[in-house]
Amino acid sequence: MTYVENLWLFFLLLTGIIAVPGMDMVFVLANTLAGGRRAGLAATFGMMAGGACHTLFGAFAVAGLTRLIPAVSGPMLIIGSAYMIWIGVSLARSSIVIGSVDSGAARSSGRVFIQAVVTCLLNPKAWLFILAVYPQFLKPAFGPLWPQALAMGLMTVLVQLTVYGGLALAAARGRDAIVSKPTLTIWTGRVAGVVLVAIAAYMFLRGWNEL
């Protein structure tokens, strides 16, 4: 397999894992519905920052921390899943009502960005992808690892921008259509929270089994 073929295969796997509905996607959607397009894009950029950190970790893991992977994978899944369950429960118990985006949105966008980074970093699906896939595509046979990691990192953030950013823009337009229906918004947030808890609970059990 050539290096170009290697990158294309990674791109296909990456696109599949990001496009499949999961915690990151639910987080972007929930924040867009709650805070509008600006909040949705802030969540998207936070996910992109988290994706860049994942790539950095993947490069370090392949370069010299492969012995550490079996020891940290289970605890990381448990910690990440527990955090996602907490967010999901908060959403499920909340009463999100869509309102107009006012001048205070810029500061709240910063909070959304930070929480998105933490959410992405603790997302079990992302860690499973890194631990299972990165060692198969970062190979010394293709040259130094850092240029390979840079290419994979750029792919990651661009796919996240396309998928999550597109979702945020689409949800923002839908948000304007349902701004006068608070009951629908409340139940949308609660359902998203229940879905988040269900996904996180499944990943928690997987992490527990790996201990």
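Buried stands for under 20% relative accessible area, exposed for over 50%, and partly exposed for the range in between (1.4 Å probe, protein chains only). The buried residues of α1 are Asn6, Leu7, Phe10, Leu14 and Ile18. Seen down the axis of α1, these buried residues fall within an arc of 90°, so they line one face of the helix. The arc is taken over the directions from the helix axis to the C-beta atoms. An α-helix has 3.6 residues a turn, so residues three or four places apart point the same way. Helix α1 covers residues 3–19, which makes 17 residues. At 1.5 Å a residue, α1 should span 24 Å, and its end C-alpha atoms are 24 Å apart, in agreement. The expected span is 1.5 Å times one less than the number of residues.

The model is predicted: local features need pLDDT of at least 70, side-chain atom pairs count only at pLDDT 80 or more, and totals for chains, interfaces and linings use all residues. Residues are numbered from 1 along each chain as its sequence is written, and side-chain values use heavy atoms, with hydrogens and water left out.

The chain has seven helices and zero strands. Its pattern along the sequence is α-α-α-α-α-α-α. Helices (H or I, at least four residues) and strands (E, at least two) are DSSP runs, numbered from the N terminus. Of the 211 residues in the chain, 44% are buried. Accessible areas come from the Shrake-Rupley method with a 1.4 Å probe; for residues, only the protein chains shown count as cover.

Helix α2 spans residues 23–64. Asn31 belongs to α2 and counts as buried because its relative accessibility is 15%. Leaving aside residues up to four places away in sequence, Asn31 touches Gly36, Ala39, Gly40, Ala43 and Val112. His54 also sits in α2. With a relative accessible area of 5%, His54 is buried. Its contacts, again not counting residues up to four places away, are Cys120, Leu121, Ala126, Trp127, Ile130 and Tyr134. His54 and Trp127 lie 73 residues apart along the chain, yet their C-alpha atoms are separated by 7.7 Å. Phe45, another α2 residue, is partly exposed at 42% relative accessibility.

Phe45 takes part in a nonpolar surface patch with Phe113, Ile114, Val118, Leu150, Leu154, Leu158 and Leu161. Together these residues have about 730 Å² of accessible area. Helices α4 (105–121) and α6 (145–177) are the elements that give two or more residues to the patch. The most comes from α6, with four residues. Patches are made of residues with over 30% relative accessible area and no salt bridge; like charges are joined within 9 Å, and nonpolar side chains (Val, Leu, Ile, Met, Phe, Trp, Tyr) within 5 Å. A salt bridge is a side-chain nitrogen of Lys or Arg within 4 Å of a carboxyl oxygen of Asp or Glu.

Ala149 lies in α6 and is buried at 6% relative accessible area. Beyond residues up to four places away in sequence, Ala149 touches Thr55, Ala59 and Leu138. Ala149 and Phe137 are 12 residues apart in sequence, with 9.3 Å between their C-alpha atoms. Met152 is in α6. It is buried, with a relative accessible area of 1%. Met152 touches Leu7, Phe10, Thr55, Tyr134, Phe137 and Leu138, under the exclusion of residues up to four places away. From Met152 to Phe137 the C-alpha distance is 9.1 Å, across 15 residues in sequence. Thr156 is a further α6 residue, buried with a relative accessible area of 6%. Not counting residues up to four places away, Thr156 touches Phe10, Leu14, Ile18, Gly51, Thr55 and Tyr134.

Helix α3 covers residues 69–93 and contains Ile78. Ile78 is buried at 16% relative accessible area. Ile78 and Pro124 are 46 residues apart in sequence and 8.2 Å apart in space, C-alpha to C-alpha.

Technical notes: Contact = heavy atoms within 4.5 Å.
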